Amino acid sequence: MKHLFLQFFLLVLWVQSIQAQQFNFQNYSVGEGLAQSQVYSMLEDSRGYIWMGTRGGGLSCFDGQKFKNYTVRDGLVNNYIECLLEDQENNLWIGTQNGLSHYNGLTFTNYKIDSTENITITVLYQDAKGILWLGTNRGVYQYLEGEFFNYSEQHNLTHLNIATLFEDHLQNMWIGTNRGIYKIKNNLVDLINARDGLYNIDVRTITQTKDSTIWIGTFGGGVFKYTNNIKEQLQEEDGLSSNLILDLYPAKDGTIWIGTQNQGISIWNPLDSTYTYLQEKDGLCNNHVRQIQEDTWGNVWIGSSGGGVSKYFGQQFTHYNTNNGLNGNYVYALDEDSLGHLWLSAFTKGVSYYDDTTFTHYGVDSGFLNVKSKAIFEDDSGKVWLGTEGKGLALYDRDTFIYFTVEDGLGGNWIRDITQDSLGQIWIACAGGGINRFVEKIDSIPYQYNITRYGTREGLATLRINALHVDKNNRLWFATKSKGIGYISNGKITNITKKDGLVSNNTRSIVEDTLGHLWVGTAGAGMSRLQMYEDSLQITSFTYQDGLASNNIYLLLFDDDHQLWVGSEIGLDRLELDAEGNSKSIKHFGKSEGFIGIETCQNAALKDQEGNLWFGTINGLTKYNPQNTTQNTIPPKVRITDVQLFYESLSQTEYQNWVSDWTQIKDSLSFPYHQNHLAFEFLGINQPNPTQVRYQWRLKGWREEWSPISERNNITYSNLPPGDYTFQVKAYNEDGIANNEAVELDFTIRTPFWARWWFRLTLMGLSLLLIGGIIRARVNRVRRKAKRAQEQLELENHVLQLEQKALQLQMNPHFIFNALNSIQGLISQQDHRTARYQLAKFSKLMRAILENSRATMISLQQEIDTLEHYLSIELLSRGNNFQYNIQADPILDRESILIPPMMLQPFVENALIHGISRIDRMGLITISFEDQQEILLCKIEDNGVGYRHSSPNDPTHQSTALKVTQERMAVLNKETNVHRLDIQEIILADGKVAGTQVKVYLPIVLEN
């Protein structure tokens, strides 16, 4: 009987402790992306991922924000997972109901221990020597150097169902089975069972604390402590919630977490031998706890059978809802009374009173109303004022409720706020009824008040008032729905609106700081801060751009550290202010941080006498415990998760061989110059607050400065020039703590061959050779040009000399003497007419010879005229002993065709002197000009003795003229390669010489 009474007493204490304690859980199940709700195994790997093995859903990997699931379709050997292990090479081993899988972050490799039967792998363990131990339903196996060994056959353990494997500090292996514990020391097996004090031999879990104590969890016998033998036992009768133990976990704070099959978790504190309990009613996902795992940051992960996974992250926030006492989850108003107890309004069922242990509700059954209240206030005399929605104002005093409505002089029945000034006057804010002042009547019956109304007639810009505040000067400040804010001082109303600098006229909340600033929260525009006690308002704005999570402000509250708490529809922001009231930093609290109520209710905030902060939300009541607040000093675990080349992952490109296990990139990654569009994806895992991770990166070799801190977790670099690069990334947690050493990746963009030093050097050499060649060619060209100019000058000089010689020959003094003699003869014969004619001919000939001597080219017509004048004078001088004929092809344009001057006259003169002068018959000279395909053929024919029968030794003028002409022809031929001279005798059919024919070939040159 005494024993039963003790159990009942402990149970009562346990229930009371449950009612008094609230815990922060975040639960994950199928709805959040978990593969299946039965999680039998978990681990945190070296990268910060939480791996969860499920019963039928396969494997889930959680990075704090999203799940990635793996099944047999992805290569997993079986979807029913019993155990997980990360080995010393940071790869994952997965034990299933039918085989073993090894995962390296890229692919699964599957193993069958025994091909003849299905073996369930129940536990995996790697000892200090690197040997992988496998506990199965058929005993123990070892995996070493790619081979499986049946360890049980050596020690007759094949009949055992292995539940746990553990290596202690002395490297002894403990094997927990359904028949006790087998301890292996120096390859010797020792059985620990009932004779050693282990009264329940169905062992499910074994662990060891820092003091070398071995803790043994049994199914049905509770927990045993073992040093040299069994010394102590934790059971239900001592306060343990259940003897059906499935897991034990020694936490970093020294407590022992005990997972049970049916009663959740019992946390045993060895310092004072007390228990703390976590169950479904406290927020735990399920009371059937399969595994407990603590991560790097101190969060405790609890895997359950049927409820998924819970993440427990301390008691920074305590949450209350309908499961633990509230009569509704919408909490609209809060206030603390003089006893330190809490008054609150939840949903539409009246108000509640909380005395730290239980909630007392006041509704219709308690003399109040089943109505929503949005304002609660205790005055200096201890009376509690309750502002309702539509039912006016209620005054609670000594279990009595007194009501005031519009019929009693109240401005409106919808009450938004209540406060009291330094004179004891009660001020009431109404939605549609303006502001009301209550002054208790003296020497009258109780609860009688004089009510003064302030409306638009008194100077209010609107009757819809949301909040009130009394400052140090006893001025009443008010916030309105559409006309900004204002204050009442000595009965006078001053209004302040957007025109004066407010961010918005739709104001909801006002609060004063210790520096004399009034902070104003608005609907959708952020906050304004103004000076309350200065001549100038000096209004400053704070919005989303300044770091607020939302511009939609519902409440404002200062804590004991003068930090400003800002409530919105997505949680809380805490502003740390400097000495001037400016924001130094902002930290957000949402679901991930334990503030599971998330959306706050308007002005439902309170700081109690102990400094705790209370917030009303649409999902219950939340208390913030400053004493439980710690800074997250552990940086995120950051890694580069993917590298993309032209928007395609490297693992899918020709560079896939550079991608190693867990998508890590090998050293010496190198790309050709045209593969220069790279994108990097990275992830910083911060399990306490995964959504608040921020990143900073840089690409050394491109830009040395770090990027601004950003929530972005990817960056792209386009058109990178050739060079060596190092990409570096850091991650910051919610408290601004970053990893000390940046994660980095080295890579190279190779220089094209035409941009490499040897090619440039070769190109430079070739360029120098080319430039030298060009210079040399230029010099040679200049030299050749100078030489040609010199030769041309010499040629022109030679031609000039020849022309002068030709002129001298044409102006033979014998010819001139004979011509003038002939003319004188005509004068003597009194033939003046003929003499004048011949004298004119002679003067024209002399003028033409002189003019032509100054020209390099003359027209064909000028040449014909000169020859005609010459022959006419010779005919006179020679007594008309010959005849001549000059003819030209009709198609020739005599005026346009140009020929060298004084070219044909020597041949004509030669024909006269050496040809026809030696015959005894009438001489004949024929001169003709023909067009032969752009060549002008000039022929001079005579019927003389022929050039071969003239005396070769005759030192006369004629041979000299012919020589000069031939030299001119040779000089001209160097320029055009057309000038040619042919001289031949005219031979008759009988072989007799009939004269001489001279052919002169000249190019047809037309006058421009």
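Analyst: What follows takes the aromatic side chains and then the charged ones.

This is a predicted model, in which local features need pLDDT of at least 70 and side-chain atom pairs count only at pLDDT 80 or more, while totals for chains, interfaces and linings use all residues. Residues are numbered from 1 along each chain as its sequence is written, and side-chain values use heavy atoms, with hydrogens and water left out.

The structure holds 68 aromatic pairs, a pair being two rings of Phe, Tyr or Trp (its six-membered ring) whose centres lie within 6.5 Å, with planes under 30 degrees apart counted as stacked, over 60 as edge-to-face and the rest as tilted. In one of these pairs, the ring centres of Phe-682 and Trp-697 are 5.6 Å apart and the planes stand at 45°, so the pair is tilted. Because Phe-682 belongs to strand E60 (residues 678–685) and Trp-697 to strand E61 (residues 694–700), this pair ties together parts that are 15 residues apart in sequence; strands (E, at least two residues) and helices (H or I, at least four) are DSSP runs, numbered from the N terminus. Phe-682 is buried at 1% relative accessibility, and Trp-697 is likewise buried at 8%, where buried means under 20% relative accessible area, exposed over 50% and partly exposed in between (1.4 Å probe, protein chains only). Both rings belong to one aromatic cluster, whose members include Tyr-655, Trp-658, Phe-671, Phe-680 and Phe-747.

Turning to charge, the count comes to 18 salt bridges, each defined as a side-chain nitrogen of Lys or Arg within 4 Å of a carboxyl oxygen of Asp or Glu. Arg-47 and Glu-86 form one of them, at 3.4 Å from N to O. Arg-47 sits in the loop between strand E2 (39–44) and strand E3 (50–54), and Glu-86 in strand E6 (residues 81–86), so the pair ties together parts that are 39 residues apart in sequence. Arg-47 is buried, with a relative accessible area of 11%, and a network of salt bridges links Asp-45, Arg-47 and Glu-86.

Another salt bridge joins Asp-379 to Lys-383, with the closest N and O atoms 3.9 Å apart; Asp-379 counts as buried at 8% relative accessibility, as does Lys-383 at 10%. In the salt bridge between Lys-939 and Glu-930, at 3.4 Å from N to O, Lys-939 is buried at 16%, whereas Glu-930 is partly exposed at 26%.
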